[in-house]
Each structure stands twice: as C-alpha cells, then as structure tokens.
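This report goes through a pocket, some charged pairs and a surface patch. The sequence and the structure come first.

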Amino acid sequence: KTRGNAVNPFEMMEKHGADALRWYLLTSTSVWLPTRFDEEGLAGARRKFLETLLQTYRFFTMYANVDGFDFASARPPVAERPLFDRWLISRTNSVVEEYTRWMEDYDLTRAMGPLEGFLVEDVSNWYVRLNRRRFWKDVERQDKLAAYCTLQEVLVALTRMLAPAAPFLSDFLHRELSGEGSVHLADMPEPDPELADAEVERQMAATRRVVELGRNLRSRHNLKVRQPLPEILVQSGAPVLEKLVLAELNVKKYTAVDAGADLVKKKIKPRFRELGAAFGKRVPEIVEALKKLTGEALREAEAGRSFDLQIGAESLRIPSECLEITGLALEGMVAEGGDGVMVALKTEISDELRQEGLAREFVNRAQNLRKEAGLDITDRIVLTLTGDRGLLEAIAAHRDYVCEELLARLEPEAPGAASAAQPLEIEGRQLKVGLRRV
C-alpha cells in the first residue's frame, strides 16, 4: 500500500459488486497461484456470467408471472418431457457430477469453471434461445409446463452450486426461483444416474457441431443468415437432430451422406522434406502412388493417422505428417469439416428463396421498430406498408409468417398515414412502415 499499487477491495466491491469480485478471484486462477489483478477481467467476468444469469432469471420470471406458474404444481416426469428438456436435465446432472468431484477435492477454481460454460452456452445461448416460443401464452399447456419446470429446476440447481462463490446473488435468486428459504440452508444438488442420458447428450453435441460448421460456412462465404438455402449435406458418426439443424441454419432440406461419399474434392500434397527424411530415394514412386490414394487409407490420412500405401507388391507405412490434404467443395456448394463431421451447403438461391429471405429480413427490421416504439412482447399491432413492389410481393407471399412473428395484422394504408410511416431499406429496396398498437 505504501507504493500505491495495492487494489482497494472495498472500492472494487462498490464498483462491481462483492459477488462479482469473489467470482472473478475464484475463477481467474487457483487461489494458491499468484496472478495480476485485472479490473477489466473482473468487469468481463461479471458481464459474461452474473449478468447472463440475471437475464435468464428475468426471462423465466417475465413469462412465469404472466402465466401464473405455480411452484407447487404437478411436474411432468423428466422421462416424459420433450427431448430438449431431457437433454438440459442430463447436462445439468453432468455438471453437478463434475462440480461435486472438484469440490470434494477442495479445488474451488475447477469446481466453478464448468458453471460459466454451462450457463452461457447450454442454458442461455442454446436452450432458452431455441425454446423461447414454448414460454409464450398460446403454446400447448403440458409442453409449456415442462419448459417452465425444466428451466426452474436447472436454475435452482445452478444457484445452489454458485452459493459458495456468489453468496448474495445466489441467495436472492434461490428464494425467488424455489419459493423456499435461503440457499445457504439448502442441500447441494447430487448426481442422479436416473437423470443421465448419454445418448441424448451425444446427439445434441453432434447437432451443435453441425450447426457450428454451418454457421462458419455462412460467415466465411457471406451467406446472410436470414437468406434460406436449398440444402445441407451432412456426414456425421453420431445421430443429428435434422429439424433443429434446418431451423438453426435456415436451410430447406437435410441430406445425410454416407461416410464414404466425398463432399469435397480431395487434393493430396506431399511434404517432400518429411518424405525424403523417411524414405530417401523412394520418394518419386511414393508420390506416384499417392496420386491414386482413395478409400480407407485416405480417411486415415485425413484423420491424422499413419496409413499403409501399396507400391506394387510392397506395403509402406506412411506417417500422416508426410502429407498435406486439402479439400475443394464441389460445384455449387461450400464445405467444411472437423471432429469427424463434414458439412456442405448448396448455395444456389431460387427466386422463391430470395423472396423468403426478404420477408425474413423485413421481420427482423420490424421487430426493431416494435422495440423502439416501447411495445410489450405481447402487444398486437397493425402494419401498413408502401414502397418497393418486389419487397411488398415478398412480404405478401409470406404473410402468415410475417403476421405470426410480429403479432401483427397487415392493412391497406389509411389516408394521411404516410407522414407517420417510418422508412426502411432492405437490400437497396425502399419501404415505408406504419405501425400502431391494436
């Protein structure tokens, strides 16, 4: 302190909160290792984890309060809930198992580590985002009840595991979410083999990998996410949730491709230095044989494993580091692979698909207009549209989709309403939108 380079913990708690400071110190490094204090890291940890937890809680309570969700209501058995719910319950059980193992070893940093990825990636970015519609008021009652119960049970388990690191926030959330008392008087969750479903977790992991590769392809090749594409072709060693892939990647058709089929043209480039060091004068005949490499040997090489190369009557064991294998997507497609999964997207866009893309883009822009107008998520609206003929035709062709997404009714423009309309531009096309609450 005499040199003025000490961090005042009370100032940090005043600025960022005591829970955020505790969480940062516990998760940034093991407590017995020296590390530099980083206030930006503290602020980032608060935003990424604690604020995401609060946002998820607010999402749950917003809809639960509208529907009058009762903590004491009869809960559907986990085995009878939809696959998404069973997956999240199983993932929670896996996290509880890992958390318990590290806590029993008194390793707080490793115990808390899985909680952040679980909340941010599994709960918020995946489950809540993809199941948002199930919490809306007009969804079938049992399906909605299963969603409420699943999210509430998961959040309660999470707050109990979080209690040692963030005692104040976890106590508040536990009281609100469970209808019970202090989290610090509650039992810690324990692993339950009956809740584990390894096959569902494997299926969801494969699905998420396909989605990740598809998103990478869209981003790298500038394929707008709201523009539907005609087809996705997938090679995967694990089963994939096809409908979920189509919805996430905005693709019309899913085709599963056998492992032996080629989605890309393979190009084999010998690494002459490595080949020369290993085989000397035999390099020219090896290079000639590599030009004919196909089948299982090629797949072994792609996987980074050594393989047997047949040269006449002799078989040579070729190390994988002696080759560089690249792939060029077939005509009309873009492709990418990794971790035993290969994904290809067909990129040819018909007029019909282009119209749907314009309608989806309009919905996105109109959603922003709803927010700017301060409308509640349940408010219904009337829309009047004037402007580019092609854009109006695209919206009309997908009228049901537009109205459902925006909770809207489309009406002809009323006299004198044009002055109150707001301008929109979509792909260079001009549109004026009048919006009012019903």
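Which helices each supply at least two residues of the lining of the largest pocket? In this predicted model, they are helix 3, helix 5 (108–131), helix 8 (198–220), helix 9 (242–249), helix 13 (351–372) and helix 15 (399–406).

**The largest pocket**

The volume of the largest pocket is about 2000 Å³. Its lining is made up of 47 residues, and those nearest the centre are Arg-132, Arg-133, Trp-136, Gln-367 and Glu-405. Helix 3 contributes eight residues to the lining of the largest pocket, the most given. Sorted by class, this lining holds 19 nonpolar, 18 charged and ten polar residues.

**Salt bridges**

Over the whole structure, a search finds 34 salt bridges.

| Arg-133 | Glu-404 | 3.9 Å |

Arg-133, one of the residues nearest the centre of the largest pocket, forms a salt bridge through its side chain with Glu-404. Glu-404 belongs to helix 15, while Arg-133 sits in the loop between helix 5 and helix 6 (141–162), so this pair ties together parts of the chain that are 271 residues apart in sequence. Arg-133 has a relative accessible area of 39% and is therefore partly exposed.

Because Arg-160 lies in helix 6 and Glu-180 in the loop between helix 7 (167–178) and helix 8, the pair ties together parts that are 20 residues apart in sequence. Is Arg-160 buried or exposed? Its relative accessible area is 17%, so Arg-160 is buried; the cut-off for buried is under 20%. Glu-180, at 47% relative accessibility, counts as partly exposed.

Arg-437 is partly exposed, with 48% relative accessible area, whereas Asp-379 is buried at 15% relative accessibility.

Salt bridges also join Arg-91, Asp-122, Glu-201 and Arg-208 into a network.

**A nonpolar surface patch**

Which residues make a nonpolar surface patch of about 240 Å²? Val-7, Leu-25 and Phe-37 make it. Phe-37 is in the loop between helix 2 (18–28) and helix 3 (39–67). With a relative accessibility of 31%, Phe-37 counts as partly exposed. Residues in such patches need over 30% relative accessible area, so the 31% of Phe-37 is above that cut-off.

**An exposed glycine**

Where is Gly-237 found? It is in the loop between strand 1 (229–236) and helix 9. Gly-237 counts as exposed, at 65% relative accessibility. From C-alpha to C-alpha, Gly-237 and Ala-206 are 8.3 Å apart in space, and the two are 31 residues apart in sequence.

Conventions:
Residues numbered from 1 in each chain as written. Predicted model: local features only at pLDDT ≥ 70, side-chain atom pairs only at ≥ 80, totals over all residues. Heavy atoms only, no water. Patch = residues over 30% accessible without salt bridge, like charges linked within 9 Å, V, L, I, M, F, W, Y side chains within 5 Å. Areas by Shrake-Rupley, 256 points an atom, 1.4 Å probe, with all protein chains shown as cover. Salt bridge = Lys/Arg side-chain N within 4 Å of Asp/Glu carboxyl O. Helix = DSSP H or I, 4+ residues; strand = E, 2+ residues; numbered from the N terminus. Buried < 20%, exposed > 50% of the residue type's maximum accessible area, 1.4 Å probe, protein only. 1 Å grid on protein atoms, 1.4 Å probe; cavity = no way out; pocket = protein on both sides within 12 Å on 5 of 7 lines; lining within 4 Å. Points joined across faces, edges and corners; volume = space filled by probe spheres on them. Nonpolar A, V, L, I, M, F, W, Y, C, P; charged D, E, K, R; others polar.
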